[in-house]
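Open the model in your viewer and keep the selection tool ready. The tour goes stop by stop.

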Amino acid sequence: MTLDWWSLGLQAVNVLILVWLLSRFLFRPVAQIVAERQSEAGRLLDEAAEAKAAAERVRAEAEAARAQLASRQDTALRAAEQEVAGVKARLLREAEEEVRQLHERAEQAQVARQQAALALVEERATRLALEIAARLLERLPDSVRLSAFIDGLLAGLDELPAAARQALGAESAALTLRVPRTPSAGELEACRQALARALGREPELKVAVDPGLIAGLELEGSNAVVRNSFRADLARLHRELSHESA
Amino acid sequence: MMHSPLISETLFQLGPLPIGKAVAVTWGLLALLAGGSWLLTRRLRLRPTRWQSLLELLVAVLDGQIRDTMQVSPAPYRALIGSLFLFILAANWAELIPGIEPPTASLETDAALALIVFVASIACGVASRGPAGYLRTFAEPSWVMIPLNIVEQLTRTFSLSVRLFGNIMSGVFVLGIALSLAGLLVPIPFMALDLLTGAIQAYIFSVLAMVFIGAAVKETAGTHPASKE
């Protein structure tokens with residue numbers, strides 16, 4: 001057995017060169033790329049953790065914003081409900097007020113219509129009374145429509161204040177004597193004598209025929225009027241009825 | 001291979017250097033392994049290809065073996081152990097190529113490999129423990145053991161080379177005899193067996209190299225900065 005020391009040395013050198021070459025071209029690059037991948041994986045994990053943390057923060061912020069939004073929404077909803085309730089109450093008040101006013105106006109209108117109807121009825125009743133009185137008087141003698149009212153006219157003169165009666169008697173102008181029909185000479189003379197007794201002197205009379213009197217006499221001076229006729233009586237009754245109904 | 005395996009056959013003379021078949025095949029394997037490594041690792045990416053994944057798996061398994069066997073960080077020993085394994089595996093399997101004699105069937109190659117492991121264990125021991133500390137390991141557990149420890153260092157290196165040489169050389173012989181006697185088909189089971197034997201021997205040589213180097217650095221392995229990985 002011989003050992004070739006040259007070959008042994010060459011093989012040792014060859015193996016050492018191979019060790020260097022494989023270290024240079026195989027083990028070191030592969031280990032380096034593995035280390036780089038591990039480093040990259042670690043970096044990516046760190047970034048993923050950071051991104052996850054950021055996402056958690058964003059989610060928490062979103063949750064807070066959503067809660068705040070919900071709170072605002074509730075607040076706005078409550079405010080809207082309160083506003084609607086206020087508007088509803090105001091509208092109800094206004095509607096009630098309007099209804100009340102309408103009701104009042106309707107009642108006023110109803111009262112006005114009732115008063116108008118009552119006035120119309122009274123007017124008709126007055127006309128009916130006048131017509132009835134006129135028809136009833138037609139059955140009486142015409143002398144009654146005039147001479148029967150002389151005493152009443154004198155009573156009216158007596159009721160005047162003394163100063164007014166004296167002023168009426170002292171008037172220089174003619175006194176107007178309203179009659180429902182043309183009086184006869186006797187009736188006119190009776191009137192003149194009766195007035196002379198009441199006034200203290202014989203007055204100058206100007207006869208005015210007014211069928212509207214129906215029956216009676218009315219004496220008119222410049223400052224005083226004495227009425228004793230159905231028309232005056234009916235007018236007084238009408239006023240009294242009107243006051244009672246009001 | 002019908003000549004004596006104990007005699008190195010010279011192919012040509014390179015100056016004063018006799019270049020044998022084992023040296024020539026070793027150069028070829030060296031070029032193949034280095035060139036293949038360059039081709040495979042020139043475009044490494046963070047997103048690995050199939051070949052890159054295979055290389056990374058190889059390195060990861062190698063690192064795991066070193067870490068489990070030596071109990072240290074694998075980085076300083078990765079190139080040496082990995083290169084020994086790949087070279088021995090490639091050399092053993094080179095037998096399957098017709099006309100190629102595996103370099104590991106040559107005693108000079110195996111002796112050179114064992115010599116490298118021997119020197120590496122001493123260098124790593126000295127680097128790890130210091131010269132005095134490394135020398136003190138020969139006196140453990142007592143100074144009486146110094147001769148035995150020295151003999152152990154030499155004999156285990158010798159056994160390392162002879163084990164590999166014997167296994168590979170015998171396989172080559174068996175295959176040569178089978179080829180000469182039975183033609184083409186009969187040697188196929190022997191070739192498959194040689195593939196298994198070659199892989200096992202490469203693994204055994206690498207593991208023993210790790211054990212020897214690890215024993216040299218083992219005392220301080222617990223305090224090695226990288227051993228905390």
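Select residues 41–112 of chain A, where UniProt, in an unreviewed entry, places the feature "coiled-coil region". UniProt positions follow the numbering used here, feature names are shortened, and annotations may be inferred rather than shown by experiment. In this predicted model local features need pLDDT of at least 70, side-chain atom pairs count only at pLDDT 80 or more, and totals for chains, interfaces and linings use all residues. Residues are numbered from 1 along each chain as its sequence is written, chains are lettered from A and ligands numbered from 1 in the order in which they are written, and side-chain values use heavy atoms, with hydrogens and water left out.

Color residues 41–112 of chain A by secondary structure: they are 100% helix and 0% strand. The end C-alpha atoms of this stretch lie 101 Å apart. Helices here are DSSP runs of H or I with at least four residues, strands are E runs of at least two, and both are numbered from the N terminus.

Now show the side chains of A:E47 and A:R43. They meet in a salt bridge, N to O at 2.2 Å. The rule asks for a side-chain nitrogen of Lys or Arg within 4 Å of a carboxyl oxygen of Asp or Glu. A:E47 and A:R43 are separated by about one helical turn because they are four residues apart in helix α1 (residues 5–138) of chain A. Over all chains the count comes to 19 salt bridges.

Next, select residues 6–27 of chain A. The UniProt annotation "transmembrane region", again from an unreviewed entry, covers them. This stretch is also 100% helix and 0% strand, with its end C-alpha atoms 29 Å apart.

Move to A:A196, in helix α5 (residues 185–199) of chain A. Leaving out residues up to four places away in sequence, A:A196 touches A:R201, A:E202 and A:P203; contact means heavy atoms within 4.5 Å. A:G169 is 27 residues from A:A196 in sequence, and their C-alpha atoms are 8.6 Å apart.

Switch to chain B. It has seven helices and two strands, in the order β-β-α-α-α-α-α-α-α along the sequence. Its C-alpha trace spans about 60 × 55 × 40 Å along the principal axes.

Zoom in on the two strands. β1 (residues 10–14) of chain B runs antiparallel to β2(B), joined by four bridges; strands pair if DSSP finds at least two bridges between them. B:Q13 stands opposite B:P18 in β2(B). Two residues lie between the strands of this hairpin, and B:G15 takes a positive phi near 65 degrees.

Last stop: where the chains meet. Select B:L30, B:L46 and B:E108: they supply 17% of the area that chain B buries against chain A, more than any other three residues.

Now look for charge pairs. One salt bridge crosses the interface. B:E56 forms a salt bridge with A:R37, the closest N and O atoms being 2.7 Å apart.

Conventions: Buried area is the accessible area (1.4 Å probe) that two parts lose on being put together, summed over both.
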